[in-house]
Amino acid sequence: MHWPHARIRRARNLETQERVAAARRDNPESEQWLGLLEAALGENENGAVWEAAVPSPRPAAERPVKAPLLSDVQMTVDGRAARGWVRRLLTLAHPGNARRIDGMALLEAAVCHDDERLDALARAGGMEAPALRVVAQMAALPLLQACTRRLAGELPPSWWEGYCPMCGAWPVVAEYTGLERKRRLRCGRCGTGWAIPVLRCVFCDETWHENLGYFTPEAGEQTHKIEVCDTCKGYVKGFTTVRALPPWAILLDDLATVPLDVVALERGYRRPDRPGYALRAEVVEVGGGRWSLEGWFR
Ligand SMILES: [Zn+2]
Ligand SMILES: [Zn+2]
């Protein structure tokens, strides 16, 4: 039988392959997460399917100033390809339950970063909620990164919020690149980067220096730090890098620096549970057809 969407693609980019292999070596406990990320990075190279789904953002004049570019958009995806992709991920995460979860619903909830909807899908599909949240994070990655590739030029020229101007997520890292060492936040979902002043909390906009600080390791890696805010108890990792991380590498670097998370958590800091901005976006199938061959041939 012809089974076009059954196979997991591996990334062809050599640098990606090497980074994933190194992450595997160093983090054997994260094998399942890495397997899903590896699948997402491979799918990310399947650009045409996802780039065709990149929406037209609402004109700036109609968008609230604080709304990310992807708020209130409609993304029209190739339903067969999208469902196939989500099913492959679900099969990796939880063989046996993949058919009980609607791929399009999952993709939409994932793009919107809507954990309540995801948890409801998990309950309906007989899957653990945390496991489905990870699947959702990876499921949305190829679509969101395609949006960044195509729409980065349409981002507002100045952005004052701590959350991603493209997709509304909180940043995973703050990057300090080049000689100027300007602070640039990076989104782990869509890969977007945006500038924000050093003395300002990403999460609660605190600017009083006495309430902001950072930890660095006592020895070794001075290129990594943990930036914390004592007002909201939030933290974000800070990396000094020679060049900006490619979008696909952000989550790999996040994994590679889990010891920083441990330090932050031990000191009572945390990453917020909720996204910075609850995106309202619709993910629909090409043609909007309600008829599909779901469950018959695949
Ligand atoms: Zn983003
Ligand atoms: Zn804060």
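Of the 298 residues in the protein chain, 40% are buried. The model is a predicted one. Its protein chain contains nine helices and eight strands. The radius of gyration of the chain is 19 Å, close to the 19 Å that the globule rule gives for 298 residues, so the chain is as compact as a globular protein of that length. Taken along the principal axes, the box filled by the C-alpha atoms is roughly 60 × 50 × 35 Å.

The contacts can be sorted by separation in sequence. Among those between residues at least 6 apart, 67% join residues that are at least 24 apart.

One pair of helices can be followed in detail. Two packed helices are described by the angle between their axes and the distance between the axes. Helix 2 covers residues 31-44 and helix 7 covers residues 129-151. Their axes come within 9 Å and cross at roughly 20 degrees. Angles under 35 degrees count as roughly parallel, so helix 2 is roughly parallel to helix 7. The crossing of helix 2 and helix 7 is right-handed.

Which residues form this contact? On the side of helix 2 they are Trp33, Leu36, Leu37, Ala39, Ala40, Glu43 and Asn44. In helix 7 they meet Val134, Val135, Met138, Leu141, Pro142 and Gln145. By residue class, the contact of helix 2 with helix 7 divides into ten nonpolar residues, two polar and one charged.

Conventions
Residues numbered from 1 in each chain as written. Chains lettered and ligands numbered in written order. Predicted model: local features only at pLDDT ≥ 70, side-chain atom pairs only at ≥ 80, totals over all residues. Helix = DSSP H or I, 4+ residues; strand = E, 2+ residues; numbered from the N terminus. Rg over C-alpha atoms; globule rule 2.2 N^0.38 Å. Buried ≥ 20, exposed ≤ 12 C-beta atoms within 10 Å, placed from the backbone. Contact = placed C-beta atoms within 7 Å. Axes fitted to C-alpha atoms, helices over the stretch in contact; angles between N-to-C directions. Parallel < 35°, antiparallel > 145°, perpendicular 65-115°, else oblique. Left-handed = near helix turned anticlockwise from the far one by under 90°. Nonpolar A, V, L, I, M, F, W, Y, C, P; charged D, E, K, R; others polar.
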